[in-house]
Amino acid sequence: MRVTMIGAGYVGLVSGACFADFGHTVTCVDKAPEKIEKLKNGIMPIYEPGLDDLVKENVDAGRLFFTTEAKDAVANSDVVFIAVGTPSRRGDGHADLSYVYAAAEEIADLMSGYTIVVTKSTVPVGTGDEVEAIIRKRRPDADFTVVSNPEFLREGAAIGDFKRPDRVVVGTDEERARAKMRELYRPLFLNETPILFTGRRTSELIKYAANAFLAMKITFINEVADLCERVGADVQEVARGIGLDNRIGRKFLNAGPGYGGSCFPKDTLALVRTAQEYKAPVRLIETTVEINDARKRAMASKIIAAMGGSVAGKAIAILGVTFKPETDDMRDAPSLDIIPALQAAGAQVRVFDPEGMEEAKHLLPGVEFREGAYQCVAGADAVVIITEWDEFRALDLARVKAAVKTPTLIDLRNIYTPAEVKAHGFTYVSIGRP
Ligand code: UDX
């Protein structure tokens, strides 16, 4: 099949490369000429494990193309995906749909023959109807179906998530569109991936409900962690103890500094706004958003308390600033709340992150960026782990102890056990453990 991706951002690029790998002919279109130029030269605009090789293989095989010109690609495609950004609108938290609607207009003007227009971007309920109306208005004659097909890709594991998903959700009531979508995802059918066909509005809501539920699950365990600290219980064991109940499940029960990233903060807020608009408020999610925002800010106070109540003039080494490991993405990362608060309290902050420092440099003024974990901790009054990169999981603690000024380790991801850290002579503070 011939596929066009409008938007070569995170979702469009990963999805496009994976569809090409399934054997389809895919053209990724993006308005940013520098991004397309880089992609043509094999340079990835984002860090995602395995993406560069996947892109190269499929470009070499003649199945994957990059261009700034949508014209030929759209006219010749069976399926056109809208995979542009839907950022939070400044001020009210609603998803900003201007890029989605602009893409719909462009597709309307260019498509020919029966075309399936798929919203891959995360869009509020009813957006598919609006996209359909936009296209219909510009092209009353056109033969097309608008389908919702949300993505469930985790950054850092996106290719695996695309090729071995728990499920694929396709929202359309039209049988001929369903048949085409089945054909598009055929390799997954062969792997017996459940493909769920629903109405379009239902599919749009599934995406928000899934992300909101996961955000709520994380927030639940984070609050339990705070309770654990007060009552002298261990959140790791509580998480395991409840997670072994299949009805609850073990995943997404890791207590930490609060969720961040490009999806959970934006999508929970957008769901809250939609629900308020329809007068069916989702109070659990409203509360989740509030708790998570407050938690990220509270982490700075936790660090300051662990350092004896004052950080004025002290040096703090931060290991990891991205919102999670295996990505260079800094969007809504807890570090963006924590580090400025530490600086405001008078601390000198130095940072090391394996992939995120380029991004972080624009976002964290006044921070000293150091190359390597051991360089970062040298002379520090405390070491704080914010992101659980693998290379921080097995630090040579004796070497860290020898390098720091004061042996205090604050582990916001619980990647060490209290006993092993204390055995090296550190004061150790983690999340939700006695
Ligand atoms: C998420 C969804 O998982 C994915 O399905 C969706 O399509 C996009 O949003 P992503 O944002 O890439 O993916 O990362 P994810 O692994 O879900 O983590 C999100 C945030 O939650 C991170 O800040 C992470 O550190 C935090 N988290 C996750 C926890 O604090 N504890 C956990 O147990 C899991």
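How many aromatic pairs does the count come to? The points below take up that count and then the ligand site.

1. This is a predicted model, in which local features need pLDDT of at least 70, side-chain atom pairs count only at pLDDT 80 or more, and totals for chains, interfaces and linings use all residues. Residues are numbered from 1 along each chain as its sequence is written, and side-chain values use heavy atoms, with hydrogens and water left out.

2. The count comes to nine aromatic pairs, where rings of Phe, Tyr and Trp (its six-membered ring) pair if their centres lie within 6.5 Å. A cluster linked by ring pairs takes in Phe19, Phe22, Phe81, Phe162 and Tyr185.

3. Arg167 sits over Phe152, 3.6 Å from the ring centre. Arg399 sits over Tyr374, at 3.8 Å from the ring centre.

4. Around the ligand there are 18 residues, each with a heavy atom within 4 Å of it. Those that come nearest are Glu155, Asn254, Gly260, Lys324 and Arg413. The shell divides into nine nonpolar, three polar (Gly counts here) and six charged residues (Asp, Glu, Lys and Arg).

5. Some polar contacts (N or O atoms within 3.5 Å) can be listed. A backbone N or O atom of Glu155 is 2.6 Å from a ligand oxygen, and one of Asn254 is 2.9 Å from a ligand nitrogen. From the side chain of Arg413, an N or O atom lies 2.9 Å from a ligand oxygen. The protein covers 93% of the 660 Å² of accessible area (Shrake-Rupley, 1.4 Å probe) that the ligand has on its own.

6. Helix H10 (residues 200–231; a DSSP run of at least four residues) gives the most to the shell, with three residues. Domain 1 (2–198) and domain 2 (219–434) each supply at least three shell residues, with bounds from an automatic or database domain assignment.

Definitions and conventions. Polar contact = N/O pair within 3.5 Å; in protein donor to acceptor, adjacent residues only side chain to side chain. Helix = DSSP H or I, 4+ residues; strand = E, 2+ residues; numbered from the N terminus. Phe/Tyr/Trp six-rings, centres within 6.5 Å; stacked < 30°, edge-to-face > 60°. Lys NZ or Arg CZ within 6 Å of the ring centre and 35° of its normal.
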